Amino acid sequence: MGKSEGDSQGWLVTYSDLVTLILTFFVLLYTMTSGVEKTSFNSFIQYFQKNAGFLPESQAAVESIENKIEPEQLEQMMEEQMERWEAFADFLHEQDLSSEVDIQLLQDGVKITLSDSLTFESGSSDLLPEAKVVLEQVADVLGDRVLDIEVQGHTDNVPISNMMYKSNWHLGAARSVSVVQYLQAQADMDPSHFKASSFGEYRPVSENESTDGRRKNRRVEIYLKDLIAKGALEAVLPFEEPIPVYNSTTN
């Protein structure tokens, strides 16, 4: 047989795509089979992660399959989570903190925003006593199937002027670390599930020309990647609709 000009290997792309699709198909069949042991499945996945390059180790689909649960168990977990969120709402009402905490549903979980006046003194990263109480309540809400928790520190655009922090980047980072450390200790979760980050003054939610705008920009955001928590809140209110209990703009 003659050899094609240029010795093109373009067919390898199609071939690799086909192999990946076949592999995905058999993974799905395998996980749908009753009696599959998790250790066997993990070994199966890890083989391809290390040797074939088909499956990234952080692939969300793999985590979803590994964390697969029965519908009855899922329903029970949803009910438990809903009870926890309702208890959190009651706590905020009783402590008159609804204007200091805002909760939003995201596509892959929940975002909790804590106001600056609740969490820290000006120019400080030491948590206020009231903030610790709220974080303890947040820790109670967390289920054991939360995949990741990221805490973001945000500031206004007023230059920081103390010996502790060189810039608003540093202040935002120190504040997010303070929240992560306290939340992780209270939730007793694996530290590898937590992430602390800082956006400094560069992700404002309001203008910085007024006192009220700067106050809104100074905040801490907690992102919970937790589809069960999101589902529990959706059971109370439809997705993307405001949550009056928590919304700081609600009268």
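1. The pLDDT is the predictor's confidence in each residue, on a scale from 0 to 100, and it applies here because this is a predicted model. Among the elements of the chain, helix α3 (residues 60-66) has the lowest mean pLDDT, at 43, whereas strand β4 (residues 194-200) has the highest, at 96.

2. Two stretches call for caution. Over residues 47-66 the pLDDT is below 50, and this stretch makes 20 contacts in the model beyond near neighbours in sequence; over residues 237-251 the pLDDT is likewise below 50, with 32 such contacts. Where pLDDT is low, the predicted coordinates should not be read in detail. For the chain as a whole, the average pLDDT is 74, and 59% of the residues score at least 70.

3. As to architecture, the chain holds nine helices and five strands, and from the N terminus on its elements follow the order α-α-α-α-β-β-α-α-β-α-β-α-β-α. Of the contacts between residues at least 6 apart in sequence, 70% join residues at least 24 apart.

4. Buried residues account for 37% of the 251 residues in the chain. The chain exposes about 15,200 Å², of which carbon and sulfur atoms supply 52%.

5. Leaving aside residues up to four places away in sequence, threonine 119 touches Leu114, Asp126, Leu127, Leu128 and Ala131.

How values were computed: Residues numbered from 1 in each chain as written. Predicted model: local features only at pLDDT ≥ 70, side-chain atom pairs only at ≥ 80, totals over all residues. Heavy atoms only, no water. Helix = DSSP H or I, 4+ residues; strand = E, 2+ residues; numbered from the N terminus. Contact = heavy atoms within 4.5 Å. Buried < 20%, exposed > 50% of the residue type's maximum accessible area, 1.4 Å probe, protein only. Areas by Shrake-Rupley, 256 points an atom, 1.4 Å probe, with all protein chains shown as cover.
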